[in-house]
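Morning, everyone. Let me put the model up, and then we'll go through it.

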Amino acid sequence: MTLNTRIAMLILLLAGALLAGCGGRVDGDPEGDTPAPETVDPAELEADVEVEPVAPAAEVLPWTPVIEAVPAEEFNATLRAAAQAVEAGQLLTPDVPALPAESDEAAPPGPGAGALELYLGVLATDPSQAKAVAGVDAIVDLLLVQGRAALAEGRVDEGQRIERVIARASPQHEGLASYRQAIEAAIRAQALVRRGEARFAAGRIFKPEGKGAVMAFREALQAYPDFIPANDGLTRLQADHLNRALSAAQEGDYAGSERLQADAARIVPASPALQDMAARIVELRQARTEQLLEQGHAAVDALDLELAAGRLAQAERVSLQARGLDALSERIELARHYGRFRPGQVFRETLAAGGEGPEMVVLPHGEYLMGSPEDEAGRQDNEGPRHAVVFQRGLAMARNETTVAEFAQFVEATGYRSLATRRGRSTVYDERGGAMSEHSGVDWRRDHAGNPAGPTLPVVHVAFEDAEAYVAWLSAQTGGRYRLPSEAEFEYALRGGRTEAYAWGDGAPTRVMGNLTGDGDQSRLKRRWSNAIPGYSDGHWGPAPVRSYPAEPLGTFDLVGNVSEWVQDCWHDSYRRAPADGTAWVNPGCEERVIRGASWASTLDRARSAYRQSASATTTHARLGLRVVRDL
């Protein structure tokens, strides 16, 4: 379009504008003859949700400025005023509400003229005035920017008014056609946003499929990309879901919170708000998890395992990761089997009278086959039937036999008099005769030969009742439950997980395992065993100080030899009806008890793990001692 053509068209426009400003019009140019943008009837979009209709474009009033032709001598002043108005941001003359005709009030002073009107006033006199033409073009460009911003923000009526201004001021502007298309898109987007709001209010977010509020807002964005009210609608929808997700998490409904977060992610995927709220909820859940775990650990410390398991279950429902859960679970599981202890732990307990009790080692819970198979060499009938024994809990066993020093501590604290002390005699090994014989003046303070016993030797010459008195004292001194081991516990510890005949495997030992009868052993008077283990020499004739030989698999010493030991059980000729849980098999008032384990004077077949023998509860001799266990 040439400059002369633009000027001619502008003159026609100005003439119409001037007449319109005076309430008149140009023949053949009816008021509002510029085609209005096409409106969208919301009823056509959807009939199932009532939406407030959008005002049609025809209702937008035309722009009717009052433009006075500027005398030529005032051009420069008017152009300067127009430039100042542009700089001040006053592109158009502000509307001033008119007073009623009958009002006696004085009209308020009118606002300054807008830049566009000033430029058009100059052009009304001189359509070729270049500065005014350039000024009009620049203002139209600014108005287009403002109009698109208004449309994007949902101020469609304002965008339509700007279209009226541009249509009057520069009807052939190259950006007008696309701007009118933008208005049409904004009108449709506005209707879709209202639809989305109505669905939101009705609680229809995603369903029915394709007709929820989210879909309406997304369709609005398809109609007008970056339509702010549509984005705001989605943001508010997501914020509603996120706030409810937070409330659900605060109330402990974590499954509900996760569902709401998942729905929020469907509304605006990967939004900062979504990520921030997710992080906040994770922190909330982790804080709650840590609180529950702390309570769970405290419950384990108090051995309230039911409470601890409950706190763990709660923490598992709250937590999003396993950190800390496994540790509490393991502690609960350990406490179920070991109380405040752990497998393999070695400990001593303080005695109320002073000093410490025997050193104990925690044996693991588990199961094994008790007794011997029918084809085992040397097997006796009382070692069967072979049967499974299951220990649901671990136990602590003294690492060595009770020593002379430990038993002396008990006697000194209580004044206890053992059965041998009261009887004044016990059975010793008479080296001169090479046999066991009863000697007077022998009790727990004497060794196998009747000589004063060293403090680290295993105590012998003790009856079953003496052993029972000692463990009762330990229990009273420590607050723990000390007792003699059951027969099943002794064999379980002796086997140490092995199934062969001996604790070291099958056949005679190939190295020194403990204090047994070897052909290399000899007494002080050079006596030797007649039925000894070939090629075996452990260096002792009689009991050895405890722990003289290597530790056994479960951390004990001298279960395989040294002295035989009392256990809790009454004697039974077989294992028929024997307990399967590892407890002692006791009948009230029984007089025959069980002795377990080989001694320094036992033949090889008696060192088998399944070997057992009966003895009167009043028995005392140089080959029999005791070892204690403690319940956990």
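This is a predicted model: local features need pLDDT of at least 70, side-chain atom pairs count only at pLDDT 80 or more; totals for chains, interfaces and linings use all residues.

Residues are numbered from 1 along each chain as its sequence is written, and side-chain values use heavy atoms, with hydrogens and water left out.

Cores. A nonpolar core here is a set of buried Ala, Val, Leu, Ile, Met, Phe, Trp, Tyr and Cys residues joined through side-chain atoms within 4.5 Å. Buried is under 20% relative accessible area, exposed over 50%, partly exposed in between, with a 1.4 Å probe and protein chains only. The largest core has 53 residues. Leu116, Tyr119, Leu143, Leu151, Tyr224 and Phe227 have the most contacts inside it. Helices (H or I, at least four residues) and strands (E, at least two) are DSSP runs, numbered from the N terminus. Elements giving two or more residues include α3 (75-87), α4 (115-125) and α9 (228-250). α7 gives the most, 10 residues.

A second, separate core has 36 residues, among them Met360 and Val628.

Now α4. Nine of its 11 residues are buried. Leu116 and Tyr119 are among them, and so is Glu117.

Last, the disulfide, a pair of cysteine sulfur atoms within 2.5 Å. The count is one. Cys570 joins Cys590, S to S 1.8 Å. The link is left-handed, at -70 degrees about the S-S bond. Cys570 is in strand β9 and Cys590 in the loop between β9 and β10, so the pair ties together parts 20 residues apart in sequence. Both cysteines, Cys570 and Cys590, are buried.
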